[in-house]
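Below is a short briefing on one predicted protein model.

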Amino acid sequence: MSQKSGSLGRYFAIRLALAVPMVLILLTLVFFMMRVAPGDPITASSGGAKMSAEQIDAKRHAAGFDRPLLSQYGDYLGDVIRGDFGTTISDHRPVMDIIVENGGATLTLTLAAMVVALGVGIPLGRLAGRWRDTPFDVATRLFGIVMYAAPAFVLGALAQLVIVKKLHWLDDSSLQASPLVQLNTPTKTHILIVDAMLAGDWDAVNDIFLHLILPAGTLGLIIAGVFIRMVRVNLIQTLRGDYVEAARARGIAEKSVVNRHAFRNALVAVTTVVGMQFAILLGGSVLTEKTFSWPGLGNQLINYLNARDYIAVQGIVTFIAVVVVGISILIDFVNALIDPRVRY
């Protein structure tokens, strides 16, 4: 037991050590890409207002843009380590406040989309792998390809047009909830549906859930295409394994062979890509949030991009990059627990 735990501890320590240069490279890329972008961030974020040269110099000095580039880079790394992602130029808000206030909406959308992706992708992939080369398998694979290839904003716009405008299945698909619900729900966790549950307002919970269906469904179906292919391919491979043939030779029912032997082993490979797909969900949430006016970090990111507020964009992108790396480490650790071969 001690040897196994030691190998797991060693693997986790190595993975953490490898994450340090990965994060450093990401932070460096974000910093210098913001600096080489065309235009001056001070004048660009002024919203077209005329400023004198003295005012521009004062704002540039306040933002630290008049200092040497390496000094700015060092301060940037130090601030990130302390959890300080800067202060926006356009509206003078700490980026961390934006992350706290809007991160809950992005987290809600991302988790709900992952539930949809797993809930659709795994069962369809299992059935497609079980009934390989049948019309159902062909249709499922085509569905997965189309969903994964569809841009989030196109799929979202079509969902709004068909489900809301034509079929009238949902009264409203924009925003995180009705205005009265957002106004009357006390803020405790900055996760609106959790706050509504804590307040015991189940009508508000229902309202939030209805608003969540289309954004989460749109984003989740895109990622479901990946899980359909992963589960199908891995199930087909495991069904060809020697242990599966041995189970069949012992007279075990085919349903039990698929469910208890092949399907469980096929899911091991799926867990390795969950973290990567979660990162894709975070990236895809930018367009989805804008399409459905969802008040998350993606929506704020586009607003600050339009305002040419480089500090806000840099802070939000940096935070998302750090979160993605953290999730990647967590998924690797879970994989090592599930499959000991990963440790070696």
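Axes are lines fitted to C-alpha atoms, for helices over the stretch in contact, and angles run from 0 to 180 degrees between N-to-C directions. Helices (H or I, at least four residues) and strands (E, at least two) are DSSP runs, numbered from the N terminus. This is a predicted model, in which local features need pLDDT of at least 70 and side-chain atom pairs count only at pLDDT 80 or more, while totals for chains, interfaces and linings use all residues. Residues are numbered from 1 along each chain as its sequence is written, and side-chain values use heavy atoms, with hydrogens and water left out.

**Overall fold**
- The protein has 14 helices and 0 strands.
- Along the principal axes, the C-alpha atoms fill a box of roughly 85 × 55 × 40 Å.

**Packing of H5 and H13**
- Helix H5 (residues 95-130) packs with helix H13 (residues 297-306) at an angle of about 125°, the axes being 7 Å apart.
- H5 and H13 are therefore oblique to each other (under 35 degrees is roughly parallel, over 145 roughly antiparallel, 65 to 115 roughly perpendicular, the rest oblique).
- On the H5 side, Ile98, Ile99, Asn102, Gly103 and Thr106 meet Leu297, Gly298, Gln300 and Tyr304 of H13, where contact means heavy atoms within 4.5 Å.
- The residues of this contact divide into 4 nonpolar, 5 polar and no charged (Ala, Val, Leu, Ile, Met, Phe, Trp, Tyr, Cys and Pro count as nonpolar, Asp, Glu, Lys and Arg as charged, and the others, Gly among them, as polar).

**Largest pocket**
- A pocket is an open set of points on a 1 Å grid over the protein atoms alone, where a 1.4 Å probe fits, with protein on both sides within 12 Å along at least five of seven lines; lining residues have an atom within 4 Å of a point.
- The largest pocket has a volume of about 510 Å³, a volume being the space filled by probe spheres set on the points.
- Of its 25 lining residues, Ala62, Ala63, Gly86, Thr87 and Ile311 are the closest to the centre.
- H4 gives the most to this lining, with 5 residues.
- The lining divides into 10 nonpolar, 9 polar and 6 charged residues.

**Confidence**
- The average pLDDT (the predictor's confidence in each residue, from 0 to 100) is 82, and 91% of the residues score at least 70.
- Over residues 1-5 the pLDDT is below 50.
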